Amino acid sequence: MSRNSLSRRSFFTRSGALIAGATLIGPWKLNRAYAADKPLKLGITSDASGQYANSGASDRRGMMMAIEEFNAKGGILGRKIETVHIDTETTPATGTRVAERMITREECGFLIGAVSSGVANAISQVAQKYGVVYLNTNSSSPSESGENCHRVKFVWDGNGTNFAKAAVKNSIDSFGKKWLLLTNDYVWGHDTAAATRKLLEQYGGEVIDEILVPQGTRDFSSALLSIQNAAPSVVAAAVGGDDQKALRQQVAQLGMGQKPAWINNQQDWPDVYGLPLDNLFGVFGTTWYYKLDLPGVADFVKRYQEMYPDTAMRVPGNVFYNGYMSTRELLRAIERAGTTSNIAVIKQLEGLKVSAEDRMQHHDAWIDPNTHQMQQTIYLATANEGTQDTDDMFKILTSSSPQDVEDTDAAGKCKLESYDDTPTFDA
Amino acid sequence: MSTLLPHIFNGLTLGLLFALIALGFTLIVGVMEVINLAHGSLFALGAYFALTILGGGWIEGTAVGDWWMGVPLGARYVLALAFGPVLAGVAGMALELCVRRTYGKAPLYGLLLTFGAALVIEEAIRVGWGTGEKSLPLPQAINGAVLIGGLIFSWYKLFAAGFALIAIAAVWLFLERTPYGAIIKAGAHDSEMVRALGYDLSRLRSLVFGLGSALAGLAGVVMVPIWGLRPHLGVDVVIPAFLIIALGGVGSFWGAVIAAIMVGLAVGITGAYASAWSMMSMYLLLIAVVSFRSRGLFGRKSALEV
């Protein structure tokens with residue numbers, strides 16, 4: 001009898017422990033929780049070397065300014081915010097290793113940062129496996145909020161389709177129908193070129209050739225000779241990072257910046273800051289500029305200069321802006337949720353709406369809950385000829401509302417994992 | 001054909017630049033039987049030294065830097081072109097002091113040591129000059145564009161190719177027409193006999209390593225305005241350099257030059273017609289050649305073979 005009673009007690013005790021254990025670590029998915037009295041650790045997954053080293057540094061500075069501002073107010077939910085940064089080297093395989101290490105060894109509660117879409121995709125797969133919320137701050141392949149979307153990932157930059165929508169129709173009308181695509185040979189380049197092709201077909205343009213440029217290309221002479229032979233009306237370039245810097249220098253050196261017309265899908269500020277103005281030929285897209293005549297912009301620039309008095313880049317650009325805005329919105333979402341539990345934070349971000357004034361853009365912005373991409377104002381700009389201020393390099397030409405440049409194909413391609421299929425995680 | 005010709009011309013200029021990169025590499029392999037995997041890092045180091053001489057890097061923003069920036073760019077560029085390679089050569093000679101311990105041992109030791117040295121140099125560059133991309137400013141006289149056959153070419157690239165041609169000729173003349181060249185070649189052929197004749201073999205090896213490294217540095221200063229400058233540039237450089245000497249035949253001066261021109265043509269022409277394959281084309285060329293001739297185009301029995 002006593003043996004039966006003991007067995008029954010033992011049975012219930014063990015069953016209870018098993019159920020509790022299954023709830024936390026479950027056989028079907030991995031669930032984690034870190035102690036709430038420890039500082040909140042954010043993993044910064046930005047490039048410090050490779051094609052996007054410069055942009056990675058700018059992205060990181062943006063995140064750090066947002067974090068510093070929260071820490072100055074006492075942290076988040078009473079916890080100090082700490083950061084760990086590991087170089088993702090503009091390499092997807094490194095991105096995977098860094099994400100694994102940050103989650104499993106460094107115990108980071110959230111991951112933030114990307115410029116390369118290949119790296120962002122690699123990080124987000126690991127983040128989804130563990131249920132860790134990940135902010136893709138600055139990579140802009142349409143696939144990031146399309147076929148490569150994830151429940152834990154939020155994309156903060158405008159994507160190739162957004163920028164192409166802002167530029168293609170007007171450029172056909174202004175410069176002509178014969179287009180040549182100059183495309184970085186990786187996911188962002190391909191997706192952006194595909195978006196441009198589709199819009200060209202829609203508006204009566206024609207792609208006469210596409211030149212694929214391997215990542216890391218520094219000598220564009222073959223491509224530039226081919227462009228001269230093909231004589232297009234417009235070259236639509238989707239070349240990023242240091243590759244783009246080399247391209248711009250070589251095009252300017254050959255005096256090819258005016259003819260043909262150049263449309264650069266998106267122009268990241270760190271890629272051109274400090275270059276001579278004749279390198280800044282053509283029309284290009286951006287999500288923000290430090291001279292926008294909007295409330296809050298001047299103060300934002302001042303805060304940047306106070307925090308980074310020694311940086312070579314004297315004014316913030318779009319990459320810094322995205323790094324800052326994404327981190328700020330994540331921390332605000334945690335505050336609103338009142339918890340660092342991943343599902344609660346995800347739900348807060350899925351319902352995020354930010355006023356134009358708060359984002360220092362011309363139109364209100366919001367996160368699309370079906371694709372997790374920030375819908376925002378897209379600007380077209382060109383070189384600010386005749387300026388005496390060496391920092392004031394852009395002249396903003398147009399601002400398009402999020403509705404006008406929406407990536408309408410993304411929702412059809414994006415299949416977000418269900419909440420149930422996303423491991424629970426509390427940082 | 002009219003559209004192919006510019007790409008052939010472009011490929012030839014590219015080939016001459018590749019030859020310049022491979023020159024120091026083939027000299028060290030041919031004479032010293034050391035595959036110097038730090039060659040690419042010395043290439044980058046030469047360019048970083050040149051950047052500092054031109055007024056960037058360490059002295060930027062200092063009082064000395066401000067004064068130096070007042071000197072005309074042309075003069076600073078000439079000094080950078082001269083002293084960037086010299087400093088890379090000195091670094092190479094320092095590296096040779098470490099490599100000495102591997103002489104007479106299996107080639108793997110030298111290979112591993114220079115691989116480690118490449119990593120150390122790359123990290124030292126990151127610490128000294130930062131991780132970002134840099135560019136070397138060019139004097140106006142060699143900048144800009146030139147119209148050839150109705151097409152626009154980079155004036156600097158033509159200058160660089162011409163400079164490479166002169167450097168190739170100078171190295172050949174040095175090796176073939178001077179007593180120093182004769183001693184170096186004799187050292188490669190039979191080092192013990194050279195020692196028996198009273199020549200200091202250690203000093204000879206140090207000078208050859210220094211010369212090979214200075215040539216790497218020279219290639220760096222010349223190529224960086226085209227390729228850009230970043231700490232891991234050495235990796236981008238050492239692979240084509242190694243490929244070129246394998247293709248041309250280890251230790252063959254003209255083999256390296258002809259292989260470099262073939263690689264330049266392959267990269268230039270595929271860059272025009274199948275651009276995604278442009279970098280791959282050099283590897284396919286190597287596979288095609290070594291499939292039929294394992295010692296490369298002009299390779300004699302290598303000193304590495306036992």
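Hi everyone, thanks for coming. Please keep in mind throughout that we are looking at a predicted model.

Let's begin with chain B. What is it built from, in terms of helices and strands? It has 12 helices and 2 strands.

Now for the overall dimensions. The C-alpha trace of chain B spans about 55 × 55 × 35 Å along its principal axes. How does the radius of gyration compare with that of a compact globule? For 306 residues, a compact globule would come out near 19 Å, and chain B has 19 Å, so the two agree.

As for the interior, 48% of the 306 residues in chain B count as buried. Take the contacts in chain B between residues at least 6 apart in sequence: 76% of them join residues at least 24 apart.

Let me switch to chain A and pick out a residue you can find on your screens, A:Val187. Helix 6 of chain A covers residues 187-203, and A:Val187 is found in that helix. Is A:Val187 buried or exposed? A:Val187 counts as buried, because it has 21 C-beta neighbours inside 10 Å, and the cut-off for buried is 20 or more.

And who are its partners? Setting aside neighbours within four places in sequence, A:Val187 is in contact with A:Ser117, A:Gly118, A:Asn121, A:Ser141 and A:Ser143. Take A:Ser141 from that list: it sits 46 residues away from A:Val187 along the chain, yet their C-alpha atoms are separated by 6.8 Å.

That's my tour, thank you!

Note on methods
Residues numbered from 1 in each chain as written. Chains lettered and ligands numbered in written order. Predicted model: local features only at pLDDT ≥ 70, side-chain atom pairs only at ≥ 80, totals over all residues. Helix = DSSP H or I, 4+ residues; strand = E, 2+ residues; numbered from the N terminus. Rg over C-alpha atoms; globule rule 2.2 N^0.38 Å. Buried ≥ 20, exposed ≤ 12 C-beta atoms within 10 Å, placed from the backbone. Contact = placed C-beta atoms within 7 Å.
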